Amino acid sequence: MQQVNLYLPELRPKKEWLTANTVASSLLGFAFLMSASLYLISSNLKEYEAKIVLIEKQKEIIEIRVNHIQSSPRNINMVALEQTEKKLKKKVMAREQIGDLIQGQNLGNELGFSGAMLGFARQSFPSISLQHIRISRGGAFVELKGTTNIVENIPSFIGKLKNEPNFTESRFGLMSVVNAKNSSLHDFALGFDSVYQLAAQEDN
C-alpha cells in the first residue's frame with residue numbers, strides 16, 4: 001500500500017486563476033459597469049440640456065420685456081411738467097418777496113413802510129398799475145413791477161418818487177419794458193427779474 005503525502009507542495013492540487021470562465025465573467029462584469037456608467041452619464045446630460053433650454057427661454061422672455069419697456073413711450077406730459085415748474089417758480093418768487101419785505105422792515109426801519117406807501121399814492125399815475133413792490137435794506141433799494149399803457153410815464157413816475165421824503169436816498173432797480181402778450185399794455189419792471197427774460201421764457 002502506497003501512501004501519498006498531500007501536504008507536500010508538489011502534490012497539492014493546482015488552481016488555475018485565469019480560466020476561460022473567469023475571463024468571460026470578468027468581461028461581462030466590466031461590460032455591465034460600463035453600460036451602467038454610460039446610462040447615468042446620458043441621463044445627466046439630458047437633464048442638463050433641459051435646464052439649458054429652460055434658461056435660454058427665460059433669457060429670451062427677459063430680453064423681450066426689456067425691449068418692450070425701452071421702446072414704449074414715456075407717460076410723462078412734458079408740457080404739463082413745464083407749466084407746473086413755472087407755477088412753482090412763481091410761488092417761490094412770491095414767498096421770497098414777502099421774506100425780503102419782512103427782512104427790510106427789520107433792518108433799521110422802525111417806522112415801517114407806511115410813509116413809502118403814502119408816497120406811492122401821492123405820486124400815482126392813472127396810466128401805471130403797480131403789481132409788485134419790494135423795499136429792502138431799510139428802504140435803500142426799491143424794486144417795482146407793473147403794467148402801463150403809456151411807457152413814457154414811467155420815468156416821470158420814478159422822478160416824482162425820488163422827490164418823496166421816503167425815497168430821496170433810495171435806489172431803484174434797472175428798468176425793462178416789453179409789450180404784454182395779447183394786450184395793448186406794456187409790462188415793466190425796475191429790479192426783480194427782467195421782463196425781457198420772463199417774456200422769453202413764456203415764448204419758449
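**A strand and its neighbours**

Reply: Ser176 belongs to strand β4, which spans residues 175-179; strands here are DSSP E runs of at least two residues and helices are H or I runs of at least four, numbered from the N terminus. The model is predicted, so local features need pLDDT of at least 70 and side-chain atom pairs count only at pLDDT 80 or more, while totals for chains, interfaces and linings use all residues. Residues are numbered from 1 along each chain as its sequence is written, and side-chain values use heavy atoms, with hydrogens and water left out.

With a relative accessible area of 4%, Ser176 is buried (buried is under 20% relative accessible area, exposed over 50%, and partly exposed in between, with a 1.4 Å probe and protein chains only).

Eight of the eight residues of β2 are buried.

The pairing of β2 involves several strands (two strands pair if DSSP finds at least two bridges between them). β1 and β2 run antiparallel and are joined by eight bridges, with Ser136 opposite Phe141. Their hairpin has four residues between the strands, and Arg137 there takes a positive phi near 55°. Two bridges pair β2 with β3 in the parallel sense, and Arg171 is the bridge partner of Phe141 in β3. Five bridges join β2 to β5 in antiparallel fashion, and Leu144 stands opposite Leu190.

Arg134, in β1 (residues 128-136), counts as buried because its relative accessibility is 11%. The side chains of Arg134 and Glu143 make a polar contact at 2.6 Å (a pair of N or O atoms within 3.5 Å; within protein, one must be able to donate a hydrogen and the other to accept it, and residues adjacent in sequence count only if both atoms are side-chain atoms).

Helix α4 (residues 153-162) has Asn153, Ile154, Phe157, Ile158 and Leu161 buried. Seen down the axis of α4, these fall within an arc of 135°, so they line one face of the helix (the arc is that of the directions from the helix axis to the C-beta atoms). The buried residues of α4 pack against elements including β2, β1 and β4.

Technical notes: Contact = heavy atoms within 4.5 Å.
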